[in-house]
Amino acid sequence: MANKDVMIEKLRSMLGDDAVCVDDKYGAGVVSAATAPAAKLVEALGVFKDTGFYLETMTALDFQDTQEIVYHLNCFEPMSRMSLRVLVGHGVSVPTASGVFTAADWLEREVREFYGIQFEGHPDPRNLLLPEDADYHPLKKDFGKVHAYRTRDEIYG
Amino acid sequence: MRSMADQFREPIVERVYTLNLGPQHPSTHGVLRVLLDLDGEFIVKADPVIGYGHRGHEKMGENRTYKQFLPNASRMDYLSGLLYNHGFVLAVEKFAGIEVPERAKYIRTVCAELNRISSHLLWFGTYVMDLGGFTPFLYAFDDREHILDILDRVSGSRLTYSYCRFGGVCQDVDAQFVDTTRSFLKRFRSRYHDYDNLVTKNVIFIHRTRGVGVITVDQARQFGVTGPNLRACGIPYDMRKIEPYEIYDRFDFEIPIGTKGDALDRYRVRLEEMEQSCRIIEQALDRMPGGPFWNEAATFKVRPPKGEIYFGFESARGQTGYYLVSDGTPYPYRCHIRVPSYGNLHVLTEVLRGTMMADAISILGSIDVVIPEIDR
Amino acid sequence: MGNQKIEPGEPVIRFALLDDILNLARANSLWPMTFGLACCAIEMMAAGASRFDLDRFGAGVFRPSPRQSDLMIVAGTISKKMGPAIQMLWDQMPNPKWCIAMGNCAISGGPFEYDGQYAIIPGADLLVPVDIYIPGCPPRPEGLIQGFLALEDKITKGEDRNILRRFHRKGGKS
């Protein structure tokens with residue numbers, strides 16, 4: 001069985017069937033997209049790591065009603081990218097994943113400085129790209145020049 | 001017996017001191033600053049400080065239409081500017097469902113592989129220059145100028161291209177392009193002999209790169225290392241074979257891999273990749289069809305449907321990805337770029353530990369980072 | 001000497017006729033500092049490489065240390081984090097020193113300057129006094145060489161022995 005199928009099974013058993021949607025045609029670049037609550041985040045990432053995945057990238061999205069963190073994970077087999085999404089409200093903090101994937105160390109620093117999402121237990125929460133004394137969060141939609149600020153349903157509804 | 005002065009002088013108890021490498025230094029990787037904790041010559045801790053080239057590409061992505069973002073794409077990793085341009089165009093075409101004529105696909109592939117060769121050539125020249133040898137730099141740049149001439153003639157630009165457009169390429173190529181490229185390939189292949197004699201068989205080079213900076217597969221997986229650095233560890237992971245995009249599945253080429261994951265393997269993998277790119281270019285030139293080169297009518301209004309897409313492709317440094325979220329307007333809602341140099345640089349925090357200062361320069365050069373793409 | 005006020009950056013002791021010769025020597029042996037920030041750095045390297053040889057103008061010796069160089073070529077976008085470093089490097093260079101702003105980003109922020117840009121300093125002349133501006137994104141190496149020649153003219157205050165070169169630049173026919 002390919003890694004991705006093993007992973008989808010494990011995610012389904014952990015998060016429930018309706019939290020995982022599978023797209024074999026790779027239309028959006030991912031073979032499956034799973035939504036996890038913040039409490040199960042580190043556990044889910046641990047399962048990814050044990051199945052041989054690596055953290056490809058991590059980013060966040062800012063909506064009017066909520067913020068969302070998206071993790072993209074991939075393994076060394078063809079067509080196996082999977083995404084894991086966590087909804088966090090404005091000002092809510094999320095447990096850190098740097099204990100599972102060391103790549104998350106820098107990725108979380110970047111998300112924190114650009115979006116203001118705090119990661120509990122992060123060993124080194126300094127600014128990564130912005131100057132050390134920067135106290136603004138540039139990629140939030142209430143900073144600087146913004147073209148559109150929408151709610152989550154307008155895009156994913 | 002201690003003198004009176006000694007009683008007031010503080011004894012030096014710490015052997016470890018902090019040395020600042022950068023952000024302006026002769027190794028021309030961009031503005032990288034590494035805070036090194038040194039114990040004599042040995043590195044105890046390495047902490048890269050980045051952000052000196054941060055230009056706000058992702059915020060610009062949200063304030064620019066898809067068409068207006070085209071110049072930004074090349075300027076992130078300017079050494080593989082055409083590859084990034086190509087990747088962005090492919091991502092939006094897949095997202096918005098824009099058809100591309102066959103001829104354009106072949107032209108784009110040829111130009112992308114030429115760009116990959118020129119990026120590896122520049123890496124080769126600057127890496128050996130970092131180690132102290134100046135002559136290969138001149139040879140590499142001479143070859144690179146031939147590629148830049150070819151690309152300059154079709155696209156108008158030497159370094160940062162906007163040649164690939166949504167739906168094709170903005171200008172057709174003629175017979176002179178094909179002839180010049182073929183003669184370049186012939187000339188380039190005859191230069192391998194020179195590079196072998198100058199560098200690959202050079203005893204000093206081998207001593208400075210063999211066994212230096214070994215990256216294990218586990219470290220690669222922890223940090224997200226991709227590209228030639230990962231292939232040197234023995235994993236044949238190349239986006240052109242793993243998730244074939246454009247027309248790469250029609251060509252016959254191999255993925256060179258190494259065994260030990262040290263700097264010498266990384267060097268060999270990149271040299272071999274240049275040869276494989278030559279093979280792809282040859283096959284593409286042989287099979288290039290006639291026909292239209294730009295589906296311009298379909299790109300009058302580029303409005304992808306609501307939703308998102310993640311498009312991964314192989315740039316000269318590793319696996320790159322564009323993550324676009326669209327709300328149905330011509331402006332992206334989110335434009336995130338996954339850059340390979342992120343993980344490649346991050347792995348240095350572990351790999352540099354315990355190495356000597358001079359080896360650190362060799363390792364830094366061998367992983368081939370371009371800092372402005374990390375800083376975006 | 002007398003009670004003349006000395007401007008900062010100007011020599012204290014002036015040799016009337018020797019000044020011209022000294023300026024000629026300074027102009028024809030400019031030692032640039034490697035200060036490539038972004039894409040323009042690659043064109044600067046290409047200008048120093050085999051095809052567009054900067055060495056024939058005496059300027060091919062790129063010194064990494066600011067204390068040994070007399071020309072700072074700001075090549076690339078200046079981010080806000082890098083601004084203090086540029087200031088420090090300029091201060092570390094000994095007089096006489098000159099500055100070339102290469103590329104659109106160093107002139108005025110380039111393609112990254114838009115209403116709402118938070119991360120860059122739009123132009124090197126906001127930090128250091130720039131002598132020559134070379135437009136382009138990135139400028140061709142020939143453009144950088146033209147900038148060097150213009151700087152040489154500026155140093156020698158327009159006087160140079162090569163009448164032909166001045167004639168070409170003013171649009172004359174060869």
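**The sheet of chain C**

Begin with chain C, where an open sheet of 4 strands has the order S1-S2-S3-S4 with parallel pairing; strands are DSSP runs of at least two E residues, helices are runs of at least four H or I residues, both numbered from the N terminus, and two strands pair if DSSP finds at least two bridges between them. This is a predicted model, in which local features need pLDDT of at least 70 and side-chain atom pairs count only at pLDDT 80 or more, while totals for chains, interfaces and linings use all residues. Residues are numbered from 1 along each chain as its sequence is written, and chains are lettered from A and ligands numbered from 1 in the order in which they are written.

Select S1 (32–33) and S4 (132–134) of chain C: these strands stand at the edges, each with a single partner strand, so one side of each is left without a neighbour in the sheet. Next select S2 (residues 71–75) and S3 (residues 98–102) of chain C, which run parallel and are joined by 5 bridges; here Met72(C) has Cys99(C) in S3(C) as its bridge partner.

Move to strand S3 (residues 54–62) of chain A, where 9 of the 9 residues are buried (20 or more other C-beta atoms, placed from the backbone, within 10 Å of the residue's own), so the strand is largely enclosed by the rest of the structure.

Technical notes: Buried ≥ 20, exposed ≤ 12 C-beta atoms within 10 Å, placed from the backbone.
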